[in-house]
Amino acid sequence: MEMESLRQLETICIEVPKVYDFCFQAERRENICTPLGTFMPPAGATVRCTIQNTCCNEVSRSVPNAAGRSNVTFAVVVNYKLEVLNAEGDVIHTFRNLTFSFTKTVVLCAPEGTFTNCEIVNTACGPCLILGNQICCTFDLCIVIQSVAIVKILIPSFGFCTP
């Protein structure tokens, strides 16, 4: 670095989120079954599953150990709908506002002062099969979890950015 550039440096303090830890979890839930009730599908019927929305929130955290590691538990909720199609592919019945949930515990570096983000970044539903008096489906979720804290850091700066 040239001496001229070094003289133009100033030290500034900025506030940024620091990621302490993060992980990616592939979660498969099989045999999530929905009762057919009084509806009886015709022979050759198939099922289309659509995930409408998902959410993931921290529900508990153990006291961090000396290295800052904690067991962090999240509640995951999946809302979906099922459409039963006849042999021609026409929708003949829809099951709306269906939900299942589960908990997921991960070990994260999450010392005091951190908060967590849990995001379901991709989902898939199926196959779904009509088995007796119920429809049973498989769900795949891709979950990204991180522990974060807002920190102040001191950095060298050449000044503000200009367009």
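**Contacts, sheets and core of the predicted model**

Thr-138 touches Arg-28, Arg-29, Glu-30, Ala-124, Cys-125, Gly-126 and Pro-127, where residues up to four places away in sequence are not counted and contact means heavy atoms within 4.5 Å. This residue has its place in strand E6, strands (E, at least two residues) being DSSP runs that, like helices (H or I, at least four), are numbered from the N terminus. The model is a predicted one, in which local features need pLDDT of at least 70 and side-chain atom pairs count only at pLDDT 80 or more, whereas totals for chains, interfaces and linings use all residues. Residues are numbered from 1 along each chain as its sequence is written, and side-chain values use heavy atoms, with hydrogens and water left out.

Strand E6 also belongs to a sheet. Three strands form an open sheet in the order E1-E6-E5, with antiparallel pairing, and two strands are taken to pair if DSSP finds at least two bridges between them. The edge strands of this sheet are E1 (10-35) and E5 (115-131), each of which pairs on one side only. From one strand to the next the twist averages 10 degrees, where axes are lines fitted to C-alpha atoms (for helices over the stretch in contact) and angles run from 0 to 180 degrees between N-to-C directions. Strand E5 is joined to strand E6 (residues 134-157) by 14 bridges, and the two run antiparallel; within this pairing, Leu-129 stands opposite Cys-136 in E6.

Another open sheet of three strands has the order E2-E3-E4, and its pairing is antiparallel. Strand E2 (46-61) and strand E4 stand at the edges with a single partner strand each, so one side of each is left without a neighbour in the sheet. Neighbouring strands here are turned by 15 degrees against each other on average, with direction ignored. E2 and E3 run antiparallel and are joined by 14 bridges, and the bridge partner of Asn-57 in E3 is Ala-75. Strand E3 (residues 69-85) and strand E4 (residues 91-109), also antiparallel, are joined by 16 bridges, and here the bridge partner of Asn-79 in E4 is Thr-99. In the hairpin of E3 and E4 there are five residues between the strands, and Gly-89 takes a positive phi near 95 degrees.

The largest nonpolar core has 32 residues, and those with the most contacts inside it are Leu-82, Ile-135 and Phe-139. Such a core is a set of buried Ala, Val, Leu, Ile, Met, Phe, Trp, Tyr and Cys residues joined through side-chain atoms within 4.5 Å. Two or more residues of this core come from each of E1, E2, E3, E4, E5 and E6, and E3 gives the most, with seven residues. When neighbours within four places in sequence are left aside, the contacts of Ile-135 include Ile-32, Val-47, Leu-82, Phe-95 and Leu-129.

The structure holds five aromatic pairs; rings of Phe, Tyr and Trp (its six-membered ring) pair if their centres lie within 6.5 Å, and planes under 30 degrees apart count as stacked, those over 60 as edge-to-face and the rest as tilted. Tyr-80 and Phe-100 form an edge-to-face pair, at 6.0 Å centre to centre and with 65 degrees between the planes. Because Tyr-80 lies in strand E3 and Phe-100 in strand E4, this pair ties together parts that are 20 residues apart in sequence. Tyr-80 is buried, with a relative accessible area of 3%, and Phe-100 is buried as well, at 9%. Phe-100 also forms a tilted pair with Phe-139, at 4.7 Å centre to centre and 55 degrees between the planes, and this pair links distant parts of the chain, with Phe-100 in strand E4 and Phe-139 in strand E6, 39 residues apart. Phe-139 is buried, with a relative accessible area of 0%. Ring pairs link Tyr-80, Phe-100, Phe-102 and Phe-139 into a cluster.

Charged side chains also lie over rings. The charged end of Arg-29 sits over the ring of Phe-102, 4.0 Å from its centre, the criterion being that NZ of Lys or CZ of Arg is within 6 Å of the ring centre and within 35 degrees of the ring normal. Lys-18 lies over the face of Tyr-20, at 4.4 Å from the ring centre.

Methods:
Buried means under 20% relative accessible area, exposed over 50%, partly exposed in between (1.4 Å probe, protein chains only).
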